[in-house]
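User: I've got a new model open and want a quick tour. Can you walk me through the main points?

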Amino acid sequence: MAKDNRITLYDLQLASGATISPFVWATKYAIAHKGFEMDVVPGGFTGIPERTGGKTERLPAIVDDGQWVLDSWLIAEYLDEKYPDRPTLIGDPSVKVCGQMLEQWLWQTAIGPWMTCYLKQYRDRSLPQDHDYVTESRERMFGGQRIEDIIVGREDRLPQIPPKLELMRNTLREYQWFGGESPNYVDYRLLAVFLFLASVADIPALPEDDPLRDWIDRGFDLYGGLGRHPGMSPLFGLPRRENDPEPFVRDPQANGLNKRNTGPQSTAAETARLKGEAAGA
Ligand SMILES: N[C@@H](CCC(=O)N[C@@H](CS)C(=O)NCC(=O)O)C(=O)O
C-alpha cells in the first residue's frame, strides 16, 4: 500500500516546471484518478539514468512504497491491479485496445504535425542544460534538418490540423468523456496530447470556438486543476485566414452512426433528406 497515500513520480519538465511529456501527463492523471498524492522528482531530458539510479532512460517512472514501475501504460495497469478497490483506470481489456488505437490515430494526425510547428519552443522552453541534447536528438529524429528549418511554413500547416479532429468532436457531442459519464484512462491518454501541446504552443493551435474546448477545459481542471500549470500556453485562438479550411463542422447532420433508431420518428429527418424531401413535409 502506497505509504502515507503518496506515490513518487519522476517528471520530465521544461524550465518553467511544466511537464512536457504526454506519457508523464497521462501518468500524473492516473495517479490522481486513483486518489493518491504525488511526490514529484523534478528534472528534464538529460540525466534521467542518474536521477533514477540507472533504473530507466525514459520517463515516466513511479516508485510505490519501494517498488519501481516504468512505462505509462504499465503504470496504469499496475495501479488497477494493485488497487482494485479504487476508481478503475482501464477495466475491460477492450478499453486498452481501443484506447491505444485512438491514441495512435491522434499522434499520427496531430502530434506529429504539431511537432513540426512547435519544435523550436519545445527546445527553447526546455531546461538550459537540455538545449543541446534536445536540438541534436530532435534534429536527428527529423532526418537531420535544422529546427529553424523544420518549423518554416507552420502558419500554413497549423490550420490544416483542427479539421482532422472531427472524429473526437463527433464522439464528444454524444458523450461527456471517452470513459462515458466519467473520465477513464483513455481520456487521460488523449488529454495528455493537448497538455503536451499547451506546454509548447507559443501560438494557439485550435480555434477559439472549437467544440473540443469543453472537454479539454474540463480535463485540464480535473483534480484541482492538475493541467493548469502557469508555464502552459493558451490553446485556443488560432485565427482563420481567408483560404484556410473550416476548422470544424458547424452543423453536423445526424446519421445512422450517431443516432439511435427508436422507430420511424427518430429517422424521419434523415429519411426526408435521403428522399430529397424537405423534413416534416
Ligand atoms: N513507452 C514509454 C515511453 C516513454 C518515453 O519515450 N518518454 C520520453 C518522453 S516523451 C522520454 O523519456 N524521453 C527522454 C529523451 O528524449 O531522452 C511510456 O509510455 O512511458
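Analyst: One term before we start. A residue is buried if 20 or more other C-beta atoms lie within 10 Å of its own, and exposed if 12 or fewer do. Also, this is a predicted model.

User: Which way does Leu89 fall, buried or exposed?

Analyst: Buried. Leu89 has 26 C-beta neighbours inside 10 Å, so Leu89 counts as buried.

User: Where does Leu89 lie?

Analyst: In a loop. Leu89 is between helix 3 (72-82) and helix 4 (93-124).

User: What does Leu89 touch, leaving out residues up to four places away in sequence?

Analyst: Ala30, His33, Ala76, Leu79, Asp80, Asn184 and Tyr185. By contrast, Ile161 is 29 Å from Leu89, C-alpha to C-alpha, and 72 residues away in sequence.

User: Step back a bit. How many helices and strands are in the protein chain?

Analyst: The protein chain has 11 helices and four strands. Its C-alpha atoms fill a box of roughly 75 × 50 × 30 Å along the principal axes.

User: And what share of the protein chain's residues count as buried?

Analyst: 31% of the 281 residues. As for contacts, take those between residues at least 6 apart in sequence: 73% of them join residues at least 24 apart.

User: On to the strands. How do strand 1 and strand 2 pair, parallel or antiparallel?

Analyst: Parallel. Strand 1 (residues 6-10) and strand 2 (residues 37-41) share five bridges. The link between them is a right-handed β-α-β crossover, passing through helix 1 (residues 22-33).

User: Which residues of strand 2 stand opposite Ile7 and Tyr10?

Analyst: Ile7 faces Met38. Tyr10 faces Val41.

User: What about strand 1 and strand 3, parallel or antiparallel?

Analyst: Antiparallel. Three bridges join strand 1 to strand 3 (residues 61-64). Leu9 stands opposite Ile62 there.

User: Why does Pro42 count as exposed?

Analyst: Because Pro42 has 12 C-beta neighbours inside 10 Å, and exposed means 12 or fewer. Apart from neighbours within four places in sequence, Pro42 is in contact with Asp11 and Gln13. Lys96 is 54 residues along the chain from Pro42, with 29 Å between their C-alpha atoms.

User: Switching to the ligand. Which residues surround the ligand?

Analyst: Leu12, Ser21, Phe23, Phe45, Arg58, Leu59, Pro60, Asp71, Ser72 and Trp73. Leu59 and Pro60, the pair joined by the cis bond, are in that shell.

User: How does the shell split by class?

Analyst: Six nonpolar, two polar and two charged.

User: Which domains does UniProt list?

Analyst: Among them is "domain: GST N-terminal", at residues 18-87, from an unreviewed entry. "domain: Glutathione S-transferase UstS-like C-terminal" is placed at residues 101-201, also from an unreviewed entry.

User: What are the helix and strand percentages of residues 18-87 and residues 101-201?

Analyst: Residues 18-87 are 39% helix and 19% strand, with end C-alpha atoms 26 Å apart. Residues 101-201 are 67% helix and 0% strand, with end C-alpha atoms 25 Å apart.

User: Last one. Is Leu195 buried or exposed?

Analyst: Buried, because Leu195 has 29 C-beta neighbours inside 10 Å. Leu195 lies in helix 9 (residues 185-200). Beyond four places in sequence, Leu195 touches Pro22, Trp25 and Gly227. Gly227 is 32 residues away in sequence from Leu195 but 6.7 Å away in space, C-alpha to C-alpha.

Terms used: Residues are numbered from 1 along each chain as its sequence is written. This is a predicted model: local features need pLDDT of at least 70, side-chain atom pairs count only at pLDDT 80 or more; totals for chains, interfaces and linings use all residues. Two strands pair if DSSP finds at least two bridges between them. Helices (H or I, at least four residues) and strands (E, at least two) are DSSP runs, numbered from the N terminus. A crossover is right-handed if, with the strands pointing away from the viewer, the path from the first strand over the helix to the second runs clockwise. A residue is near a molecule or strand if its C-beta atom, placed from the backbone, lies within 6 Å of it. Ala, Val, Leu, Ile, Met, Phe, Trp, Tyr, Cys and Pro count as nonpolar, Asp, Glu, Lys and Arg as charged, and the others, Gly among them, as polar. Two residues are in contact if their C-beta atoms, placed from the backbone, lie within 7 Å. UniProt positions are given in the numbering used here, feature names are shortened, and annotations may be inferred rather than shown by experiment.
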